[in-house]
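Good morning. Please look at the sequence and the structure on the screen, and I will go through a few parts of it.

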Amino acid sequence: MKLASLKGGRDGRLVVVSRDLTRAAVADDIAPTLQAALDRWAETARQLEALAERVEAESAMTFRFRERDCASPLPRAYQWADGSAYVNHVALVRKARGADMPPAFFTDPLIYQGGSDCFLGPRDPIPLHDQPDGLDLEAEVAVVTDDVPMGVTPQEARQHIKLVMLANDVTLRDRVAGELAKGFGFFQSKPSSAFSPVAVTPDELGAAWDGGKVLLPLHVMVNGAPLGHPEAGVDMTFDFGQLIAHAARTRPLSAGTIIGSGTVSNRGPDGGPGLPVAQGGLGYSCIAEQRTVEKLLTGEARTPFLKAGDTVRIEMLDKDRHPIFGAIEQTVKAL
């Protein structure tokens with residue numbers, strides 16, 4: 001089934017969305033918000049599935065679904081823990097700032113705890129502050145869990161994945177190095193993230209879901225031009241089961257926890273950095289990677305970071321080229 005949160009109140013209004021993303025039904029009598037549904041998932045999931053079946057059969061009262069009316073599926077969450085499962089991305093962005101690549105990054109997942117109190121909606125503008133901060137997008141896949149016990153194994157953790165969605169983890173690149181140099185992690189360099197209009201249960205992905213990752217390309221565009229279409233199921237060093245188990249190693253995770261994959265990133269056929277789309281490659285899910293590869297190839301980073309008026313679009317299509325999650329489409333707006 002597909003779920004969304006219409007804007008209204010701090011936590012939105014839960015609706016069940018048709019598979020073709022054209023119609024929706026209000027789920028107030030089951031749960032007023034997605035967080036409320038996740039808090040009682042064993043009970044509400046069955047009821048929401050039944051409503052989804054009625055929506056598909058056109059036997060439920062529905063209305064026209066508009067992605068622009070949506071908040072992120074969880075407009076705020078108890079926890080947003082973003083991984084960096086595509087180690088190729090970590091290697092490239094660290095190279096860009098002259099940092100070494102510790103061997104442990106290939107054997108132990110890297111996760112930071114992001115701000116989850118005020119996510120942007122999928123069509124909300126990305127705020128740009130006065131000073132140039134190297135504003136960048138990061139296109140990701142994310143999952144939402146139910147209650148996860150402390151100490152679960154990666155295989156057990158997979159059973160706690162209840163929803164899948166897309167993310168734009170906005171990053172201020174010029175602030176990253178200074179913050180990390182303090183040895184205490186990201187904060188100002190990671191403003192509010194945005195998520196796709198719709199979150200889906202894993203079964204909606206069919207064969208494209210292997211239990212721990214999505215086996216489909218992620219399409220990323222900037223100002224209508226393709227930045228990349230990397231394969232989300234390729235070069236993912238740690239799958240979602242491993243990321244969740246890592247996050248729950250020393251504490252339980254509450255229902256509604258969001259775990260991000262980190263920027264989707266593929267190596268080139270030769271094992272090195274992949275090529276830009278313009279050169280026949282799969283491209284990238286963030287501008288920082290493209291700039292790094294440009295510098296490696298030509299000695300100069302040519303692609304600018306985002307500026308006021310630029311538009312970002314992130315989506316994923318099924319085998320019939322239909323959108324699965326709707327699209328994150330955001331325009332940068334100067335404050």
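**A walk through the model**

Leu296 sits in helix H7, which covers residues 287-298. Keep in mind that this is a predicted model.

How many of the eight residues of helix H6 are buried? Seven of the eight are, so to be counted as buried a residue must have under 20% relative accessible area. H6 runs over residues 240-247 and is mostly covered. The buried ones are Phe240, Gly241, Leu243, Ile244, Ala245, His246 and Ala247.

Eight of its eight residues are buried, so S11 is largely enclosed by the rest of the structure. As a general point, strands of a sheet pair through backbone hydrogen bonds, and the pairing is either parallel or antiparallel. S11 pairs with S10 over seven bridges, in the antiparallel sense. In that pairing, Glu140 is opposite Ala167 of S11. S11 is also joined to strand S13, residues 194-195, by two bridges, and these strands run antiparallel. Here Asn168 is opposite Ala194 of S13.

Next, another sheet to look at. Five strands form an open sheet, and their order is S8-S19-S18-S15-S16, with mixed pairing. Which strands stand at the edges? They are S8 (126-128) and S16 (225-228); each has a single partner strand, so one side of each has no neighbour in the sheet. From one strand to the next, the twist averages 25°.

Strand S15, residues 219-222, is joined to S16 by three bridges, and the two run antiparallel. Within this pairing, Val220 has Gly228 of S16 as its bridge partner.

Gln35 belongs to helix H1, residues 34-39. Is Gln35 buried or exposed? Its relative accessibility is 10%, so Gln35 counts as buried, the cut-off being under 20%. Apart from neighbours within four places in sequence, Gln35 is in contact with Leu74, Tyr78, Ala255 and Gly256.

That is the end of the walk. Thank you.

Terms used
Residues numbered from 1 in each chain as written. Predicted model: local features only at pLDDT ≥ 70, side-chain atom pairs only at ≥ 80, totals over all residues. Heavy atoms only, no water. Helix = DSSP H or I, 4+ residues; strand = E, 2+ residues; numbered from the N terminus. Buried < 20%, exposed > 50% of the residue type's maximum accessible area, 1.4 Å probe, protein only. Contact = heavy atoms within 4.5 Å. Pairing = 2+ DSSP bridges. Axes fitted to C-alpha atoms, helices over the stretch in contact; angles between N-to-C directions.
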